[in-house]
Amino acid sequence: MTMAPFQVVLALVLAAALGFVRGDELRLRVQKPPGSRPHSVTITEFGAVGDGETLNTVPFQNAVFYVRSFADKGGAQLYVPKGRWLTGSFNLTSHITLFLEEGAVIIGTKDSSQWPIVEPLPSYGQGLDLPGPRHLSLINGYNLTDVVITDALLTDGIVPDSCSNVWIQDSTISVSHEAISLKSGWDKYGISFGKATSDVRISRVHLQSSSGAALAFGSEMSGGISDIHADHVHIHDSYKGISFKTSLGRGGYIKEVVISDVQMDDVHVSIEFKGNCSTHPDSHFDPFELPVIRHITLKNMVATNISVAGVLSGIDSDPFTSLCLSNLNFSMADSATSSSWSCSNVSGYSETVFPEPCLELRNPSSSPTICFSLSSYSALAVA
């Protein structure tokens, strides 16, 4: 099994794809702007009790089934008042606002019978963590549209996986591994599944990752990742700040990414590009499936107490291109080495960057025209 039954996983599956939020408890508001839903129901109308002991799996399932009837009428809000709501797995539906009042906590039960067992995701072969089936997510869905994650306080990360039209904002995420990680399938399975992660907006978030990257791309990215815009990001007390990872055999692409207005504090490695994440789901991957990493722009960043400014390492036969660094000011820690940057098999452009980046990003023949910008961002125009 890839997940213990008492672990909590939020799956918001958008555009025939999956995204996950994990933690022992879930404190979350998923909402659209006020007044956007013409209908509303409260979980207590379906017999739910928020005492932290009563099992509410059936009330949540029935409530979502009822909300589904409003799909062609502008959708509906499922309101969860203050309390501790114990439940097993239940599915969402499209055009739903799951609104948690301040003080409302959804708790995943430890009763394994409340977590159905399902097959691995088709874009990951036999499974990402261990071969074989997995327990269904706490809050699950398939082919869902019209979802925004906002005002969330989470104890584990968000993983938009083969998702489109996603907005994550005004959230605080503190984890041990990766706070927000964008993915799209693993090697030939992700290539054949062919569902990219695209049109993602991340804004006004506070991220902390003690052993991984606060904001990560890949390394499972075989279906492609593109059109990503993150701004007003605060990263603190993390091993890595922003990381792009891939490997030979992945195929796919990470492109058209803009990350701006970032504050980092007490981060070991601020920026990472890594082309040698060699893990594979099995031995049948094609080493000639080369990933494409290009048109990545990082701009307007300030960092304090940083050990390593950047480690940018592409692939010998497949360099990462059109990388742009603009207006970056990193204050290095006293323990930092004299070499703040390390680069290989990458090319791009930089301007107003301190400490001065490696030569591969200071080529006199390069031009600021390679710096990519999303002039008209398309993710969830409702924001």
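## Ground rules

Two strands pair if DSSP finds at least two bridges between them. Helices (H or I, at least four residues) and strands (E, at least two) are DSSP runs, numbered from the N terminus. This is a predicted model, in which local features need pLDDT of at least 70 and side-chain atom pairs count only at pLDDT 80 or more, while totals for chains, interfaces and linings use all residues. Residues are numbered from 1 along each chain as its sequence is written, and side-chain values use heavy atoms, with hydrogens and water left out.

Let's begin with strand 4 and strand 6 (residues 76-80), which pair in the parallel sense through 4 bridges. Here His39 stands opposite Ala76 of strand 6. Helix 1 (residues 57-67) packs on the sheet and touches strand 4, strand 6 and strand 9 (contact means heavy atoms within 4.5 Å). The direction of helix 1 makes about 160 degrees with that of strand 6; axes are lines fitted to C-alpha atoms, for helices over the stretch in contact, and angles run from 0 to 180 degrees between N-to-C directions.

The sheet is open, with 3 strands in the order 4-6-9 and parallel pairing. Strand 4 (39-42) and strand 9 (96-100) are the edges, each with a single partner strand, so one side of each has no neighbour in the sheet. On average, neighbouring strands of this sheet are turned by 20 degrees against each other, direction ignored.

## Pairing around strand 23

Val269 has Val308 of strand 23 as its bridge partner. Strand 23 also runs parallel to strand 25 (residues 341-344), joined to it by 4 bridges. In strand 25, Cys343 is the bridge partner of Leu312.

## The disulfides

Now for the cysteines: there are 2 disulfides, a disulfide being a pair of cysteine sulfur atoms within 2.5 Å. Cys324 and Cys371 form one of them, with sulfur atoms 1.9 Å apart. Cys324 lies in strand 24 (residues 320-332) and Cys371 in the segment after strand 26 (346-354), so this pair ties together parts that are 47 residues apart in sequence. The torsion about their S-S bond is about 75 degrees, so the disulfide is right-handed.

Cys324 is buried at 1% relative accessibility, whereas Cys371 is partly exposed at 23%. Buried means under 20% relative accessible area, exposed over 50%, and partly exposed in between (1.4 Å probe, protein chains only). Cys343 and Cys358 also form a disulfide, with sulfur atoms 1.6 Å apart, and both cysteines are buried.
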